[in-house]
Amino acid sequence: LGPLYLLITEIFPTEIRVLGFGLTFNLAYSYVGGTASLVAQALDGYSPVAPGLYAAGVGALSAAVAVVARRLRAGGKLPSYLAGAKAAAEAGNAACSEATA
């Protein structure tokens, strides 16, 4: 689960990283987690294993999205702001050094 959080945080630029991660995480948690008991109760009428299959399906969908996002980022189709933030920090440090010299 840890690498998934790292992947998600790297998608957002540093200026909005906390907002982007927090908002997407909490919205997904409320939509999926908030309705899980309702969906499980509705599915329980069809089969006793249906709620477990629902939970497994949501987990598989989450893993598939993480794999696709990682491949897109490796292919350069999703930005990786972590490298850009490091370069910006180094440029800022260089500017500070020049200003104080």
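## Overall layout

From the N terminus on, the elements of the protein chain run α-α-α-α. That comes to four helices and zero strands, where helices (H or I, at least four residues) and strands (E, at least two) are DSSP runs numbered from the N terminus.

This is a predicted model, in which local features need pLDDT of at least 70, side-chain atom pairs count only at pLDDT 80 or more, and totals for chains, interfaces and linings use all residues. Residues are numbered from 1 along each chain as its sequence is written, and side-chain values use heavy atoms, with hydrogens and water left out.

## How confident is the prediction?

The predictor's confidence in each residue is called pLDDT and runs from 0 to 100. The protein chain averages a pLDDT of 78, and 74% of the residues score at least 70. Among the elements, H2 has the highest mean pLDDT (87), while helix H4 (residues 81-100) has the lowest (57). Where pLDDT is low, the predicted coordinates should not be read in detail.

Let's start with H2. Its 28 residues should span 40 Å at 1.5 Å a residue, and its end C-alpha atoms are 39 Å apart, which agrees. The expected span of a helix is 1.5 Å times one less than its number of residues. H2 also bends by about 45° at Ala36; the bend is the angle between axes fitted to the seven residues ending at a residue and the seven starting there.

Phe21 lies in helix H2. With a relative accessible area of 22%, Phe21 is partly exposed (buried means under 20%, exposed over 50%, partly exposed in between, using a 1.4 Å probe and protein chains only). Phe21 and Ile11 are ten residues apart in sequence and 8.9 Å apart in space, C-alpha to C-alpha.

Now for H3, which has 25 residues and reaches 36 Å from its first C-alpha to its last, close to the 36 Å expected. Its buried residues are Ala50, Ala66, Ala69 and Arg73. In the protein chain of 101 residues, buried residues make up 11%. After H3 comes Gly76, with a positive phi near 85°.

## The largest pocket

A pocket is an open set of points on a 1 Å grid over the protein atoms alone, where a 1.4 Å probe fits, with protein on both sides within 12 Å along at least five of seven lines; lining residues have an atom within 4 Å of a point. The largest pocket is lined by 22 residues, and Leu4, Ile8, Phe25, Ala28 and Ser62 lie nearest its centre. Helix H1 (2-11), helix H2 (17-44) and helix H3 (50-74) are the elements that give two or more residues to this lining. H3 gives the most, with eight residues.
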